[in-house]
Amino acid sequence: MDFETLVRERRSIRGYKPDPVPKEVIQEIIEIAKGAPSSMNTQPWFFHVITGEPLDRIRRGNTERMLAGAEVQREIPVRGGYEGIHRQRQIEVAVQLFEAMGIARDDKDRRQDWVMRGFRQFDAPVSIVMTYDKSLEPATISHFDLGAVTYGLVLAAWTRGLGTVINGQGIMQSAVVREHAKIPDWQVIMTCIAMGYPNDEFSANEVKSRRTPNDEIVTFTGFDED
Ligand SMILES: Cc1cc2nc3c(=O)[nH]c(=O)nc-3n(C[C@H](O)[C@H](O)[C@H](O)COP(=O)(O)O)c2cc1C
C-alpha cells in the first residue's frame with residue numbers, strides 16, 4: 001500500500017473482532033512507529049501493551065467509576081470542552097457516527113451506551129497505553145513527540161490489517177489504568193490506543209470524518225509576488 005492510499009483509507013475503528021493480536025505483530029508495529037521524529041531525538045515514549053484479564057479489569061474499573069460519577073482523572077492538563085469551530089467539528093463527526101449506528105438524537109440509552117463503549121476501550125482485544133518520563137515536565141514538546149509516534153503506530157497497524165482508535169476516554173480514570181497496566185510512578189499517562197481486527201459488520205467503522213479545505217487553514221507567503 002502506498003503512503004497516500006494508507007493515509008486516505010485509514011480511519012478510526014470502534015468495533016472489533018474478538019480475535020487476539022499476536023505479540024510479534026505488535027512488536028513489528030512498534031518497531032515501525034519508533035521511526036517517528038522527536039525533539040532532539042529524546043524518544044520520550046513508552047508503550048504499555050495490555051490484553052486479556054488485565055484489560056478486562058481496566059474496562060470494569062473505568063465503567064464502575066464513570067457510572068458512579070467519579071471525577072475525571074487525567075495526568076495531562078486538558079480543557080473542559082471545545083467551543084466555536086472546534087465544537088462544530090466535534091459535533092459533525094459525532095453526528096456521522098450516530099447516523100451510521102442508527103442512534104437517534106433523543107435515544108439517551110443508546111447514546112449513553114456509546115459513551116460507555118469508549119470507557120471499555122471499544123471492547124478491543126488490545127490497548128496500548130502511551131506514557132512519557134515525568135522528569136520531562138513541563139512536557140509540551142514531549143506531547144508533540146507522542147502524537148508523532150502514535151500516528152506512526154496507527155498507520156503501521158493499518159498496513160497489517162489492524163484497526164485502531166486513539167482513545168482519550170480510555171485513560172480518563174488514570175488510577176485504574178495505572179494500577180492494572182502496572183505503570184511506574186515516574187511515567188505520565190498521555191493517552192491510549194484501542195487496537196484489533198476490525199469488525200466489518202460494525203457500521204461506524206465505515207465513517208470517514210471530514211477535513212477542512214486548505215484555503216481555510218493554509219497560507220502561502222512569498223510565492224506570487226504581486
Ligand atoms: C488525542 C485523541 C483522543 C481521542 N479520543 C477519542 C475518544 O475518546 N473516543 C473516540 O471515539 N475517538 C477518539 N479519538 C478519535 C477521533 O475522534 C478521530 O481521530 C477523529 O474524529 C478523526 O477521525 P478519523 O480518525 O477516523 O480520521 C481521539 C483522537 C485523538 C487524536
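Predicted model: local features only at pLDDT ≥ 70, side-chain atom pairs only at ≥ 80, totals over all residues.
Two strands are said to pair here if DSSP finds at least two bridges between them, and the strands themselves (E, at least two residues), like the helices (H or I, at least four residues), are DSSP runs numbered from the N terminus. With that settled, let me begin with the sheet, in which 4 strands form an open arrangement in the order E1-E2-E4-E3, with antiparallel pairing. The edge strands are E1 and E3, the latter covering residues 163–166, and each of them pairs on one side only. On average, neighbouring strands of this sheet are turned by 25° against each other, direction ignored, where the axes are lines fitted to C-alpha atoms, for helices over the stretch in contact, and angles run from 0 to 180 degrees between N-to-C directions.

Residues are numbered from 1 along each chain as its sequence is written.

On to the next pair, where E2 and E4, the latter being residues 187–196, run antiparallel and are joined by 8 bridges. Here Ile128 has Ile193 as its bridge partner, and Ser127 stands opposite Ala194. E3 and E4 are again antiparallel, over 4 bridges, and in E4 the bridge partner of Val165 is Ala194.

How covered are these strands? I use buried for a residue with 20 or more other C-beta atoms within 10 Å of its own, exposed for 12 or fewer, and partly exposed in between, with C-beta atoms placed from the backbone.

Helix H6, residues 140–159, lies across E1, E2, E3 and E4, running at about 15° to E4. The end C-alpha atoms of H6 are 29 Å apart, which agrees with the 28 Å that its 20 residues should span at 1.5 Å a residue; the expected span is 1.5 Å times one less than the number of residues. Its buried residues include Asp145, Leu146, Val149, Leu153 and Trp158, and the buried residues of H6 pack against helix H1 (3–9), H2, E1, E2, E3 and E4, contact meaning that two C-beta atoms, placed from the backbone, lie within 7 Å. After H6 comes Gly161, with a positive phi near 80°.

Just after H4, Gly102 takes a positive phi of about 65°.

What surrounds the ligand? Its shell consists of Arg11, Ser12, Arg14, Val93, Gly118, Val165, Ile166, Asn167, Gly168, Gln169, Thr191 and Ser209, each counted as near if its C-beta atom, placed from the backbone, lies within 6 Å of the molecule. These residues divide into 3 nonpolar, 7 polar and 2 charged, where Ala, Val, Leu, Ile, Met, Phe, Trp, Tyr, Cys and Pro count as nonpolar, Asp, Glu, Lys and Arg as charged, and the others, Gly among them, as polar.

The peptide bond from Glu137 to Pro138 is cis, with omega near -5°, and Pro138 lies in the loop between E2 and H6. Met40, in the loop between H2 and E1, has a positive phi near 55°, and Met40 counts as exposed because it has 7 C-beta neighbours inside 10 Å. Gln121, in the loop between helix H5 (108–119) and E2, also has a positive phi, near 60°.

Is Gln121 buried or exposed? Gln121 counts as buried, because it has 29 C-beta neighbours inside 10 Å.
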